[in-house]
Amino acid sequence: MSEIIKVGMADWKVCSKEDGVTTLGLGSCVGVAIRDTSSGIGGLAHVMLPDSKDTINNTNRAKFADTGITDMVAELVKKGANMSKLVAKIAGGAQMFAFGSAKSDMVRVGERNVAACKAKLKELKIPILAEETGENYGRTVIFYPATGEYIIKAVGKPEKTI
């Protein structure tokens with residue numbers, strides 16, 4: 001791999017098959033990794049919130065599952081990816097805090113993020129090949145579009161590849 005491209009919070013990046021993409025600190029956020037299985041073009045979105053329509057100040061489209069995934073997929077296609085060959089893997093969506101009612105939407109952000117990402121991918125007809133979501137710990141991920149390897153690291157946990 002020639003370069004590992006960093007994806008910030010509420011951001012997404014696409015890359016060619018020679019590169020990889022990484023993001024740090026997925027707590028309740030979800031890392032959505034998408035690649036074209038034939039060309040190796042891929043990308044990683046760091047989704048922070050489920051729905052742009054629920055937020056007044058939604059100028060950062062990358063922040064939301066509904067707009068961020070759509071925009072990243074559009075860029076993948078623009079770079080030469082074949083929409084019918086796209087597949088996804090997701091990680092994150094943890095419940096990082098255990099105060100108040102567990103049924104409160106404020107506490108369940110991770111669960112809502114995962115559900116929103118899955119719904120958007122289903123709408124776009126992009127199958128999810130693997131996931132490592134939920135629990136109560138943060139994750140750092142590295143995605144290699146050429147191979148589809150999605151490496152997940154978490155403090156005190158063994159490294160996992162999905």
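Hi everyone, let's start with Val141, which is buried, with a relative accessible area of 0%; buried here means under 20% relative accessible area, with a 1.4 Å probe and protein chains only. This is a predicted model, where local features need pLDDT of at least 70, side-chain atom pairs count only at pLDDT 80 or more, and totals for chains, interfaces and linings use all residues. Residues are numbered from 1 along each chain as its sequence is written, and side-chain values use heavy atoms, leaving out hydrogens and water.

Val141 sits in strand S8, residues 139–144; strands are DSSP runs of E, at least two residues, and helices are runs of H or I, at least four, numbered from the N terminus. Leaving aside neighbours within four places in sequence, its contacts (heavy atoms within 4.5 Å) include Thr22, Leu44, Ala91 and Tyr150.

Now to Thr22, in strand S3, residues 20–26. Thr22 is buried too, at a relative accessible area of 10%. A polar atom of its side chain lies 2.6 Å from the backbone oxygen of Val141.

And the cores? A nonpolar core is a set of buried Ala, Val, Leu, Ile, Met, Phe, Trp, Tyr and Cys residues joined through side-chain atoms within 4.5 Å. The largest has 22 residues, and Val32, Ile34, Ile69, Leu121 and Ile126 touch the most other members. Strands S4, S5 and S6 and helices H1 and H2 each supply at least two residues of this core, with the largest share, five residues, coming from H1. There is also a second, separate core of 14 residues, with Tyr150 and Ile152 among them.

Key
Buried < 20%, exposed > 50% of the residue type's maximum accessible area, 1.4 Å probe, protein only. Polar contact = N/O pair within 3.5 Å; in protein donor to acceptor, adjacent residues only side chain to side chain.
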